[in-house]
Amino acid sequence: MTGARFAKAMAILTLILIAAIGIGVSVGSQRIEPALIFSDPFSSTLFFRLRLPRVLLGLVIGASLAVTGGALQALFRNPLADPYTLGVSGGGALGASIAIALGWSARVGGVPLIFAASFAGAMVAVTFVRTIARAGAVVLPGALLLSGVAVNLIAAAGVLTIEYLTDPTSALRILRWLIGSLDVVGLAPVGRMMWVLAPAWLVLLFFSRQLNLIAIDDDTATTLGVDVRRCEGIVHAMCALIVGVTVSAGGAIGFVGLIVPHAVRMMFGEDLRIVLPGSLLLGAAFLILADALARTVLSSAELPVGAVTGLLGGPVFLWLLRRRQQFAAM
Amino acid sequence: MTTYSGFEARNLAYVYGNGPLAVDDVSLNAAPGSMTAVIGSNGSGKSTLIRMLAGLLKPRSGSILLGGISLDEWEPRLRAREIAYVPQSTATVFPFPVIDLVLSGRSPHAVRFRFESRHDVEKAREALELAGALHLAARPFTSLSGGERQMVILARALAQEPRTLLLDEPSSSLDLKHRAALIRTLTQLRQSRNLSAIMVTHDIQLACAFDRIVALRCGQVVASGTPDEVLNDRLLRDIYSDPNVRAQRIGDQTLVWVDLQGSGL
C-alpha cells in the first residue's frame with residue numbers, strides 16, 4: 001500500500017516537474033522560437049548559455065532546499081523547521097559574505113573559498129541551534145525556532161558589518177547575491193554543484209526510513225533499531241553541505257524548504273520515504289516556477305527569486321504556526 | 001539452538017549527572033513467559049530501570065544479558081525483534097495515521113529499501129485488534145486522546161512481535177475497561193506466544209495480575225516476590241514511605257489504598 005502510494009506520488013510529481021521545466025525554458029524577456037534553438041546561433045546561445053542553465057540551477061537549488069527542509073523537520077520533529085528558519089542559510093550566508101569580501105574567486109586547496117566558508121557557516125549554525133535548543137534528551141520546539149531567529153540576527157548583523165567595512169563594489173555584490181537569484185551563465189557551474197549535491201541527496205534519501213521513525217519519536221526509533229545519534233550527525237552534515245553549496249551559488253533563498261515538504265505531505269501523507277523524494281521533485285518544480293514568475297511579473301525588470309519565495313513563504317509560515325498551536329503547545 | 005533465557009540484569013546502577021544513584025544495585029530476571037511488575041513511589045528509579053533494559057540508557061555499572069548476550073553487543077535491528085518498548089507517551093507532532101504508526105513496529109523485520117508488505121499490514125491490523133484499537137486505524141495519531149494513544153503505542157510494540165515487552169506505565173491514561181483489556185491481552189500473549197513482560201506501574205490492580213512484583217525505593221529493591229508476598233501493609237508502608245497505606249485482600253484481589261483520615265486530611 002505504501003509502495004503504490006510512493007509510485008503514484010513520484011509519477012505525479014515528475015509530471016509537475018516536467019511541466020515546470022517546460023514553462024521555465026519558454027518564458028523570459030526574449031522569446032525563443034523552439035524551432036531555432038539548434039539552427040540560429042543567437043537563439044542557441046540564449047537558450048543554452050542563459051535560459052536552460054538558469055532553469056537547471058533553479059531545479060538543483062529548489063530540490064536541495066526542499067529535501068533539506070523535509071529532513072530537518074523530521075529530525076527536529078518540528079513542522080516549522082527549514083534551512084532558513086533555523087538559521088542554517090543565515091550561517092551559510094555570513095560565511096559566504098566573508099568569502100566575497102575577500103574576493104570571489106579565492107580558492108583553498110582547489111575548493112572555492114565561498115563554498116568552503118558557506119558550508120562552515122551552515123555547519124556552525126546547525127550545531128549551535130541544536131545545542132541551544134536541546135535540554136537533556138529533548139529538543140524544545142520553541143527554543144529551536146528562537147535560537148534560529150537569534151542565529152539569523154547575528155548572521156545578518158555580521159553581513160551588515162562586512163558590507164559596511166568592505167569596498168562599495170563588494171558590498172553591492174553581497175547585497176544583490178544575498179536576496180537570492182539564479183543568475184548563471186553556462187551549464188558548467190550547475191554541473192560542478194551536482195558533484196557535491198547528488199551524493200548528499202542520495203544520503204538523505206538513504207536515511208528516509210530512519211528519519212521516518214525519528215519523526216515519530218527518538219526513543220521509539222532507538223528501540224526499533226535506529227542509531228539516532230549517528231543518523232542525526234550524518235543528516236546535519238549533509239544538510240549543511242547542501243545548504244553551503246546552494247547558498248554560495250544562489251544566495252539565501254528562503255522558505256522553499258518550508259512550503260514544499262508541507263505541500264507533499266498534504267498531497268501524499270506523512271511518510272518520510274515519500275516526503276523526501278517527493279520534496280526533491282516538487283522543490284525543483286517550485287523554484288523553477290517561482291523564478292519564471294520573478295522574471296516576468298514586472299515588465300521592466302527582473303525580481304530576485306528570493307523575494308518571490310519570501311513573499312510566498314512568509315504567510316505560509318504564519319499559517320502553519322497558527323495551525324500548529326491548535327493541537328500542540330509550543 | 002540453545003534455550004532462550006530471556007532477560008538477566010545484574011547489579012544495575014545509574015546516575016543522572018552528578019546526582020545521587022537513581023538506580024542502585026538492582027538485579028532482575030525475566031524468563032520467557034514471565035510477567036514482572038515494578039512498583040515504587042515517584043522518583044524511585046522505575047522508569048530509569050526500564051529505560052536501561054530497553055537500551056535507551058547505558059548503565060553506570062552492572063550488566064544486562066539478553067538471551068545470554070550483552071545487550072549492547074546486539075545488532076540494533078535484531079535486538080528490536082526481541083524487545084519492544086512501550087513508552088509513557090510519544091512525542092510526534094506530525095499527524096501520522098494510526099495504521100502507519102503501528103506499521104513502523106514492523107520496520108525491524110522489513111527488508112531494507114522496501115515498503116511494508118501486505119503481510120506487515122495484516123500484522124499491524126492484528127496488533128491493533130489485540131490492543132483494542134482497530135477502530136482508530138485511519139485516525140491521525142495526533143488527534144487521539146491520551147488513553148487512545150497508549151492503546152496505539154501498545155499496538156505498535158505488539159506489531160514488533162517481540163519476545164519481551166517492556167512497558168512504562170502503560171495504563172496511566174486508560175479507563176477501567178481498557179485497563180482490564182490490557183491485562184487480558186498480556187495474559188493471552190503469554191499463553192499464545194510465550195511473551196514475557198516487564199512493566200513499570202502505579203496501578204496495583206494491574207501488578208496483582210503479574211507473577212512477580214519488584215518494589216523499588218530510592219533506586220533499591222526493597223521487596224521482590226509474588227503479589228501475595230509483597231502487597232501487605234508493612235511492606236507497602238515502607239515502599240511508599242507513608243504509614244497510612246492499607247492493603248486488604250478481597251477474594252483473590254488485593255485492594256490498596258491510603259487512609260486519608262489517618263493522614264490528617
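## Helix H5 of chain B

Glu161(B) follows H5(B) and has a positive phi, near 50°. Helices and strands here are DSSP runs numbered from the N terminus (H or I over at least four residues for helices, E over at least two for strands). The model is predicted: local features need pLDDT of at least 70 and side-chain atom pairs count only at pLDDT 80 or more, while totals for chains, interfaces and linings use all residues. Residues are numbered from 1 along each chain as its sequence is written, and chains are lettered from A and ligands numbered from 1 in the order in which they are written.

Of its 14 residues, 12 are buried (20 or more other C-beta atoms within 10 Å of the residue's own, with C-beta atoms placed from the backbone). Among them are Glu148(B), Arg149(B) and Arg156(B). The cover over the buried residues includes S6, H3, helix H4 (118-130), strand S7 (164-168) and helix H6 (176-193) of chain B.

## The four-stranded sheet

An open, antiparallel sheet in chain B has the strand order S2-S1-S4-S5; strands pair if DSSP finds at least two bridges between them. S2 (21-30) and S5 (69-70) of chain B are the edge strands, each with a single partner, so one side of each has no neighbour in the sheet. S4(B), residues 61-66, pairs with S5(B) over two bridges, and Leu65(B) has Ser70(B) as its bridge partner.

Helix H1 (46-53) of chain B packs on this sheet and touches S1 (7-15), S2 and S4 of chain B. Its direction makes about 125° with that of S1(B); axes are lines fitted to C-alpha atoms, for helices over the stretch in contact, and angles run from 0 to 180 degrees between N-to-C directions.

## Chain B as a whole

Chain B has nine helices and 12 strands. Its radius of gyration is 19 Å, close to the 18 Å of the globule rule for 265 residues, so chain B is as compact as a globular protein of that length. The radius is taken over C-alpha atoms, and the rule is 2.2 Å times the number of residues to the power 0.38. Of the 265 residues, 44% count as buried.

## Contact with chain A

The contact takes 27 residues from chain B and 23 residues from chain A (C-beta atoms, placed from the backbone, within 7 Å). On chain B, H2 (76-82), S6 (83-86) and H3 (98-103) each supply at least two residues; the largest share, four residues, comes from H2(B).

Definitions and conventions: Contact = placed C-beta atoms within 7 Å.
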